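This report is meant for someone meeting the structure for the first time. Please look over the sequence and the 3D view before reading on.

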Amino acid sequence: MNKIIVVMANNNECIEYLKKAGDSIGVEIKSEIQSEGKIINELSVNDIKESTAVLFAIDGEVEEVEKIERFIDCEYYEVEEQFIKNDAKSVLQEILSDLN
């Protein structure tokens with residue numbers, strides 16, 4: 001089974017770090033950006049339900065995420081952006097390790 005992690009981030013920079021790291025370890029990253037009340041590249045409910053895990057790469061509270069109901073009943077993780085910028089590969093590996 002392919003490993004797919006859907007990511008909700010506040011900016012494209014974090015997503016790019018995660019995609020590069022995901023490519024190096026065989027994890028597909030699907031993503032959306034939420035910033036200033038806007039959703040860019042909104043993840044579908046199907047994308048979310050088919051994912052291995054959900055990663056909130058945000059500096060705010062998960063409760064503030066727009067359309068949060070899409071993520072109910074999903075295995076999710078919260079990580080501050082700085083940790084992704086420092087070592088995105090380790091963040092992904094830790095999530096995968098936790099899932100096994």
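Predicted model: local features only at pLDDT ≥ 70, side-chain atom pairs only at ≥ 80, totals over all residues.

Arg 70 is buried, with a relative accessible area of 8%, whereas Glu 42, at 40% relative accessibility, counts as partly exposed.

Glu 42 also takes part in a salt bridge with Lys 67, where the closest N and O atoms are 3.2 Å apart. Here too distant parts of the chain are linked, with Lys 67 in the loop between strand S4 (53-57) and strand S5 (76-79), and Glu 42 in the loop between strand S3 (38-40) and H2, 25 residues apart. Lys 67 counts as partly exposed, at 38% relative accessibility. Through salt bridges that share partners, Glu 32, Glu 42, Lys 67 and Arg 70 are joined into one network.

## Other charged residues

Side chains of opposite charge can pair when their charged atoms come close. The count for the protein comes to 5 salt bridges, and one of them is formed by Lys 30 and Asp 47, whose closest N and O atoms are 3.3 Å apart. Lys 30 lies in strand S2 (residues 27-35) and Asp 47 in helix H2 (residues 45-49), so this pair ties together parts that are 17 residues apart in sequence. Lys 30 itself is partly exposed, with a relative accessible area of 21%.

Which side chain of opposite charge is nearest to Glu 81, a buried residue that has no salt bridge? That side chain belongs to Lys 85, which is 4.0 Å away. Glu 81 is placed in helix H3 (residues 81-99), and, if residues up to four places away in sequence are not counted, Glu 81 touches Asn 10, Asn 11, Cys 14, Ala 57, Ile 58 and Asp 59. For the protein as a whole, the 10 positive and 23 negative charges have mean positions that are 7 Å apart.

## The order of the elements and the overall fold

The secondary structure comes to 3 helices and 5 strands, and, when read along the sequence, these elements follow the pattern β-α-β-β-α-β-β-α. Among the contacts in the protein with a separation of 6 or more, 59% are accounted for by residues 24 or more positions apart.

A compact globule of 100 residues would have a radius of gyration near 13 Å, and the protein, with 12 Å, agrees with this. Taken along the principal axes, the box filled by the C-alpha atoms is roughly 30 × 25 × 20 Å. Of the 100 residues in the protein, 41% are buried, while the accessible surface comes to about 5900 Å², of which 43% belongs to carbon and sulfur atoms.

Is Val 79, which has 14% relative accessibility, buried or exposed? Val 79, whose place is in strand S5, counts as buried because its relative accessibility of 14% falls under the 20% cut-off. Leaving out residues up to four places away in sequence, Val 79 touches Leu 55, Phe 56, Ala 57, Ile 58, Ile 84 and Val 91. The C-alpha atoms of Val 79 and Ile 58 are separated by 6.6 Å, although these two residues are 21 residues apart along the chain.

Ile 39, in strand S3, is partly exposed, with a relative accessible area of 25%. Apart from its neighbours within four places in sequence, Ile 39 is in contact with Glu 32, Ile 33, Gln 34, Glu 66, Lys 67 and Arg 70, and this list includes Glu 32, Lys 67 and Arg 70 from the salt-bridge network. Ile 39 and Phe 83 are 44 residues apart in sequence, and their C-alpha atoms are 23 Å apart in space.

Glu 50 and Glu 36 are 14 residues apart along the chain, and the separation of their C-alpha atoms is 27 Å.

Notes: Residues numbered from 1 in each chain as written. Heavy atoms only, no water. Helix = DSSP H or I, 4+ residues; strand = E, 2+ residues; numbered from the N terminus. Rg over C-alpha atoms; globule rule 2.2 N^0.38 Å. Buried < 20%, exposed > 50% of the residue type's maximum accessible area, 1.4 Å probe, protein only. Contact = heavy atoms within 4.5 Å. Areas by Shrake-Rupley, 256 points an atom, 1.4 Å probe, with all protein chains shown as cover. Lys, Arg positive; Asp, Glu negative; His and termini not counted. Charge placed at Lys NZ, Arg CZ, Asp CG, Glu CD.
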